[in-house]
Amino acid sequence: MNADERLMRMARREAEKAAAAAEVPVGAVLVKDGRLLGKAHNQRETLKDPTAHAEILAITQAAAALEGWRLEGAVLYVTLEPCLMCAGAIVNARIPRVVFGAADPKAGACGSLYQVGLDARLNHRFEITAGVLEQECAALLKDFFRAKR
């Protein structure tokens, strides 16, 4: 198993915590030079906060761990393609690489609807690796929403 798969499995475990808390099951892990800087899952319902996406919470933890907002050299692993808000936070945090599992055709901003990470008009761009453990990540979301219906 390569590093991307290992870290995506860690993000998936975070997503499972979200599902157990009746949150949309998305998990994120942020690492730099092999050091875990942040890991989180969606907590919008729990915190009653529309910005409490897994990515935002992991970025906040990482910035606190590094005592700075520039997360240059870090890699963000997330089970679902980041939305526009999260992609904007990735740009602002200067994260150079994002790895995600399942695409999000309704809200994805890293390939599905928008290409925020590749937009030359912005002051920072980031590399995107899509589809890591895609089926496993997508299955967690499908099972969650199927149970809601």
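## Close-up views of a predicted model

View 1. Helices here are DSSP runs of H or I with at least four residues, strands are E runs of at least two, and both are numbered from the N terminus. This is a predicted model, in which local features need pLDDT of at least 70, side-chain atom pairs count only at pLDDT 80 or more, and totals for chains, interfaces and linings use all residues. Residues are numbered from 1 along each chain as its sequence is written, and side-chain values use heavy atoms, leaving out hydrogens and water. With a relative accessible area of 22%, glycine 88 is partly exposed; buried means under 20%, exposed over 50%, and partly exposed in between (1.4 Å probe, protein chains only). Leucine 122 lies 34 residues from glycine 88 along the chain, and their C-alpha atoms are separated by 9.8 Å.

**View 2. Isoleucine 56 is buried.** Its relative accessible area is 17%, and its place is in helix α3, residues 54-66. Beyond its neighbours within four places in sequence, isoleucine 56 is in contact with Thr51, Met85, Cys86 and Ala89, where contact means heavy atoms within 4.5 Å. For cysteine 86, the C-alpha to C-alpha distance to isoleucine 56 is 6.3 Å, across 30 residues in sequence.

**View 3. Five strands form an open sheet.** Their order is β2-β1-β3-β4-β5, with mixed pairing; two strands pair if DSSP finds at least two bridges between them. At the edges are β2 (35-41) and β5 (127-130), each pairing on one side only. From one strand to the next, the twist averages 15°. Axes are lines fitted to C-alpha atoms, for helices over the stretch in contact, and angles run from 0 to 180 degrees between N-to-C directions.

**View 4. Strands β1 and β3 run antiparallel.** Five bridges join β1 (residues 27-32) to β3 (residues 74-80). Look for lysine 32, which stands opposite alanine 74 in β3. Helix α5 (residues 134-148) packs on the sheet and touches β3 and β4 (97-102). The direction of α5 makes about 60° with that of β4.

**View 5. One aromatic pair is counted.** Rings of Phe, Tyr and Trp (its six-membered ring) pair if their centres lie within 6.5 Å; planes under 30 degrees apart count as stacked, over 60 as edge-to-face and the rest as tilted. Phenylalanine 144 and phenylalanine 145 have ring centres 5.1 Å apart and planes at 80°, so the pair is edge-to-face. Phenylalanine 144 is buried at 12% relative accessibility, whereas phenylalanine 145 is partly exposed at 34%.
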